[in-house]
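Have a look at the picture first.

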Amino acid sequence: MPATTSPADLYRHSLRLLLDKDIPAWVGLWADDGVMEFPFAPPAWPERLEGRDAIAAYMRDYPDHIDLQDFPDLRIHRTTEPGTIVVEMRGVGRMVETGGPFEMTYIAVVTVQDGRFTSYRDYWNPLAVHEPGVNFIASNAR
């Protein structure tokens, strides 16, 4: 995407890539030194990923665990910082291993610079990972 793409448009594009299960293209939206943080990560799960390579390793097997099908209720809020947005959404789909439903609520604070994600603080619900069949990224926890 061009560097002139708005943070909201880049974010919407990133969601389309996740729905298409195109993780390499999704990772390609990140700056080399981008940082992804999970402030509410449960014990033994990563709280911070530094750099595109770490983010790629974390996301590599995501489609093998979750079949994302939609992001309903997407709301993107601009902030007083031109490159920063706050996103509210739900991710819905199914768990690949069990076929059971997947639903997660997210709030994210996302910063974009020069058309790339530089910071992504993901405030997802850690209680959801304790539900049966929802061990989708535990194997990636480092």
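## The nonpolar core

The largest nonpolar core in this predicted model has 36 residues, and the ones with the most contacts inside it are Tyr11, Trp26 and Val110. A nonpolar core here is a set of buried Ala, Val, Leu, Ile, Met, Phe, Trp, Tyr and Cys residues joined through side-chain atoms within 4.5 Å. Buried means under 20% relative accessible area, exposed means over 50%, and partly exposed is in between, using a 1.4 Å probe and protein chains only. At least two residues of this core come from each of α1, α2, β1, α3, β3, β5 (84–95), β6 and β7. Those labels are for helices (H or I, at least four residues) and strands (E, at least two), which are DSSP runs numbered from the N terminus.

A bit of housekeeping: residues are numbered from 1 along each chain as its sequence is written, and side-chain values use heavy atoms, with hydrogens and water left out. Since this is a predicted model, local features need pLDDT of at least 70 and side-chain atom pairs count only at pLDDT 80 or more, while totals for chains, interfaces and linings use all residues.

## Who touches whom

Which residues is Trp26 in contact with, leaving aside its neighbours within four places in sequence? They are Ser14, Leu17, Leu18, Met36, Ile55 and Met59. Contact means heavy atoms within 4.5 Å.

Now hop over to Ile85, which sits in strand β5. Ile85 has a relative accessible area of 2%, so it counts as buried. Its contacts, again leaving aside neighbours within four places in sequence, are Pro7, Ala8, Tyr11, Ile76, His77, Thr79, Ala108, Val109 and Val110. Ile85 and Tyr11 are 74 residues apart along the chain, yet their C-alpha atoms are separated by 9.2 Å.

## A hole inside

How many cavities of 30 Å³ or more are there? The count comes to 1. To find one, a 1 Å grid is laid over the protein atoms alone, and a cavity is a set of points where a 1.4 Å probe fits but cannot get out; lining residues have an atom within 4 Å of a point. The largest cavity has a volume of about 280 Å³, where volume is the space filled by probe spheres set on the points, and grid points are joined across faces, edges and corners.

The largest cavity is lined by 21 residues, and the closest to its centre are Met36, Met59, Tyr62, Tyr106 and Asp122. Elements that give two or more residues to this lining are α1, α3, β6 (101–113) and β7 (116–122), with the largest share, 4 residues, coming from α1. By class, the lining has 19 nonpolar, 1 polar and 1 charged residues. In this sorting, Ala, Val, Leu, Ile, Met, Phe, Trp, Tyr, Cys and Pro count as nonpolar, Asp, Glu, Lys and Arg as charged, and the others, Gly among them, as polar.

## Salt bridges

Side chains of opposite charge can pair when their charged atoms come close. A salt bridge is a side-chain nitrogen of Lys or Arg within 4 Å of a carboxyl oxygen of Asp or Glu, and by this rule the count comes to 10. One of them joins Lys21 and Asp67, with the closest N and O atoms 2.8 Å apart. Lys21 is in the loop between α1 (7–19) and α2 (23–27), while Asp67 is in strand β3 (residues 66–70), so distant parts of the chain, 46 residues apart, are linked. Asp67 is buried, with a relative accessible area of 15%, whereas Lys21 is partly exposed at 33%. Lys21, Asp67 and Arg94 are also linked in a network of salt bridges.

Another pair is Arg52 and Asp32, at 2.9 Å from N to O. Arg52 lies in helix α3 (residues 52–59) and Asp32 in strand β1 (residues 30–37), so this pair ties together parts that are 20 residues apart in sequence. Is Asp32 buried or exposed? Asp32 counts as exposed, at 59% relative accessibility. Glu37 and Arg48 meet in a salt bridge too, at 3.1 Å from N to O.

Most residues other than glycine have a negative phi. Lys21 has a positive phi of about 60 degrees although it is not a glycine. Asp73, in the loop between β3 and β4 (75–78), has a positive phi as well, near 65 degrees.

Definitions and conventions. On a 1 Å grid over the protein atoms alone, a cavity is a set of points where a 1.4 Å probe fits but cannot get out, and a pocket is an open set with protein on both sides within 12 Å along at least five of seven lines; lining residues have an atom within 4 Å of a point.
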